[in-house]
Structure formats: C-alpha cells, structure tokens
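I opened this one to look at its pockets and its ligand. Notes follow in the order I checked things.

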Amino acid sequence: MTITFITGANKGLGRETARRLIEHGHTVLLGARDRERGAEAALALGARFVPIAVRDDASVAAAAADVAAHECRIDVLINNAGIHGPAGDPEALTADDARAVLDVNLVGVVRTTAAFLPLLRRSADPVIVNVSSGMGALALTHDPARPESHVVTPLYSASKAALTMLTTQYAKGLDGIRVNAADPGYTATDLNGHSGFQTLTEGTDAIVALATEGPGAGTGRFVSRDGDVGWY
Ligand SMILES: NC(=O)c1ccc[n+]([C@@H]2O[C@H](COP(=O)([O-])OP(=O)(O)OC[C@H]3O[C@@H](n4cnc5c(N)ncnc54)[C@H](OP(=O)(O)O)[C@@H]3O)[C@@H](O)[C@H]2O)c1
C-alpha cells in the first residue's frame with residue numbers, strides 16, 4: 001500500500017491530487033492548515049486529515065509526529081502548498097512580501113521535507129514531488145508564445161525557480177529517493193482567481209504521474225503534463 005502525504009490539500013490542485021491518488025489506491029494523508037476545511041475535504045474524499053501549516057516549525061513537526069504515530073512511514077511526499085503573493089510593479093514590493101512568499105513556497109518545502117525524511121526513509125520506494133511552476137522557468141517566461149511570458153510575478157517566479165533548483169539539488173543529494181518537480185500548467189484555482197484555462201484534472205496530470213510512476217523512473221526532473229519542461 002502506498003502512503004502519500006500532501007500539503008495544502010483542502011482545495012485546488014492538492015485536493016484534486018488527493019482525489020486522484022485515492023482512485024489509484026493510495027492511502028492519502030490530507031495535509032491542510034485549516035482544521036475545519038481540512039477535515040471536511042478528508043471526509044469527502046476518504047483520506048485522513050493531518051493539520052499542517054508549512055510556515056510553522058512546530059506545526060510541521062507535529063504533523064510528522066502524528067504520521068509517525070499512526071502510519072509509521074510515508075512513500076510519497078507531495079509539497080503542494082503554495083501562495084502567489086503580490087504581482088506586478090516591482091517598485092511596490094517589500095522585503096516582508098518576499099519573506100512571506102519564500103517562507104511558504106521554498107522554506108516551507110525545506111521545513112516539511114526535513115520533518116518527513118525519516119518517514120520517507122522507511123519506505124521501499126520513497127518519492128518526493130515538489131509542485132513548482134513554469135512561472136519559474138527562464139525558457140518559458142521569455143518565450144512570447146507562452147502565457148508565462150505575459151505576466152510579471154517577481155516573487156512567485158523567483159520562489160518557483162528556487163524550488164525547481166532545490167528539487168534538482170535534493171535529487172543529487174538524497175540517495176535512494178526520487179525527487180522531482182511538477183509544473184501543473186495554468187489551472188483555474190483560487191491562486192489565480194480561477195483565470196487558468198486548464199481543469200483541475202489537467203493541472204494534476206504531472207503531479208499524479210510523478211506520484212505513481214515506478215522505481216527507476218528517474219530523479220531531478222521537472223515535468224509538465226506534456227513532458228520534460230525546458231527551463232533554462
Ligand atoms: N493554479 C495554477 O495555475 C498553478 C500553476 C503552477 C503551479 N501551481 C502551484 O500549485 C500549488 C497549489 O496551488 P493551487 O493552484 O491549487 O492554489 P490554491 O487553490 O490557492 O491552494 C493552495 C493550497 O496551499 C495552502 N497553503 C497556502 N499557504 C499555506 C501555509 N502557510 N501552510 C499550509 N498550507 C498553505 C492553501 O491552504 P488555505 O486554503 O488554508 O489557504 C491551499 O490548500 C501551489 O504550489 C502553486 O504555486 C499552481
């Protein structure tokens with residue numbers, strides 16, 4: 001049985017990933033920071049709710065301790081929780097804005113991964129999927145044919161570029177664990193006021209593929225539902 005922990009899974013791409021992985025037969029631990037909405041989503045999908053606020057060291061440690069006490073291991077960690085933060089005019093951005101975005105999208109992934117690594121180490125085939133974005137890919141944000149090139153999102157894009165690099169470095173450094181990044185593509189969720197043109201199911205294709213592929217599938221990759229993302 002594959003045990004999968006997902007952060008930010010009360011709504012959007014995280015929730016749809018939980019739904020699809022349960023369909024695939026995974027036991028899903030649905031992480032969310034809001035107890036009421038997390039419990040509601042878990043009940044609706046048939047998952048177990050685990051409270052986790054990824055900016056909070058104590059909350060992340062408590063989530064890992066909860067899983068250690070109940071399931072004793074995880075096989076797949078999906079670092080999905082993310083925020084967009086302010087977009088547009090760089091002159092309006094503050095250091096506090098930057099700290100807030102990076103603390104969720106990058107530091108939150110380091111915090112969560114560190115806490116859950118001992119649980120992943122108990123798996124026969126441990127996998128980490130980091131939900132990154134094409135908005136952090138140089139190649140896509142400079143290609144006029146791509147939607148990623150038509151918006152200015154300095155903090156979000158910087159956080160996702162850093163997350164993709166974090167992924168490839170973890171892949172090199174973590175022996176025996178596949179660590180890959182997914183680019184969901186522009187998907188209608190609360191994150192973008194539902195302006196994305198993909199459905200939730202399309203937006204989770206790459207995440208689900210990385211979470212369900214078998215041993216030997218490769219590590220340090222950055223993939224979308226269309227295949228490898230050329231990101232530099
Ligand atoms: N939608 C897209 O087009 C798109 C494209 C590329 C990448 N992505 C990435 O996909 C991931 C999921 O985004 P989404 O589009 O599904 O957005 P969403 O619907 O806004 O969901 C974001 C999730 O992250 C959670 N979250 C935010 N801050 C958190 C914190 N401090 N601690 C714990 N959980 C926190 C949210 O919880 P609350 O409900 O409590 O706020 C929510 O569950 C993000 O990493 C995003 O960057 C999205």
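I asked which helix gives the largest share of the lining of the largest pocket, and it is α1, with three residues. This is a predicted model, so I read everything below as computed. Both α1 and α7 supply at least two residues each to that lining.

Next I looked up the space: the largest pocket holds about 1100 Å³. I counted 40 lining residues, and the closest to the pocket centre are Gly-82, Ile-83, Tyr-156, Thr-189 and Leu-191. By class I get 16 nonpolar, 16 polar and eight charged residues in this lining.

Then I went for the ligand. Where does the ligand sit? I found it in the largest pocket. Its shell has 29 residues, with Asn-10, Arg-33, Asn-80, Tyr-156 and Thr-189 the closest. I sorted the shell into 12 nonpolar, 11 polar and six charged residues. Here too α1 (12-23) and α7 (154-173) give at least two residues each.

A side-chain polar atom of Thr-189 is 2.6 Å from a ligand oxygen. Val-54 uses a polar backbone atom, 2.9 Å from a ligand nitrogen. The backbone of Gly-82 has a polar atom 3.4 Å from a ligand oxygen. How much of the ligand's own accessible area does the protein cover? I get 94% of 890 Å².

Last, I looked at the second largest pocket, at about 210 Å³. It has 17 lining residues, and Arg-146, Glu-148, Asp-183, Gly-185 and Asp-226 are the closest to its centre. I noted six nonpolar, five polar and six charged residues in that lining.

Methods. Residues numbered from 1 in each chain as written. Predicted model: local features only at pLDDT ≥ 70, side-chain atom pairs only at ≥ 80, totals over all residues. Heavy atoms only, no water. Near = heavy atom within 4 Å. Polar contact = N/O pair within 3.5 Å; in protein donor to acceptor, adjacent residues only side chain to side chain. Areas by Shrake-Rupley, 256 points an atom, 1.4 Å probe, with all protein chains shown as cover. 1 Å grid on protein atoms, 1.4 Å probe; cavity = no way out; pocket = protein on both sides within 12 Å on 5 of 7 lines; lining within 4 Å. Sits in = over half its atoms within 2 Å of the grid points. Helix = DSSP H or I, 4+ residues; strand = E, 2+ residues; numbered from the N terminus. Nonpolar A, V, L, I, M, F, W, Y, C, P; charged D, E, K, R; others polar. Points joined across faces, edges and corners; volume = space filled by probe spheres on them.
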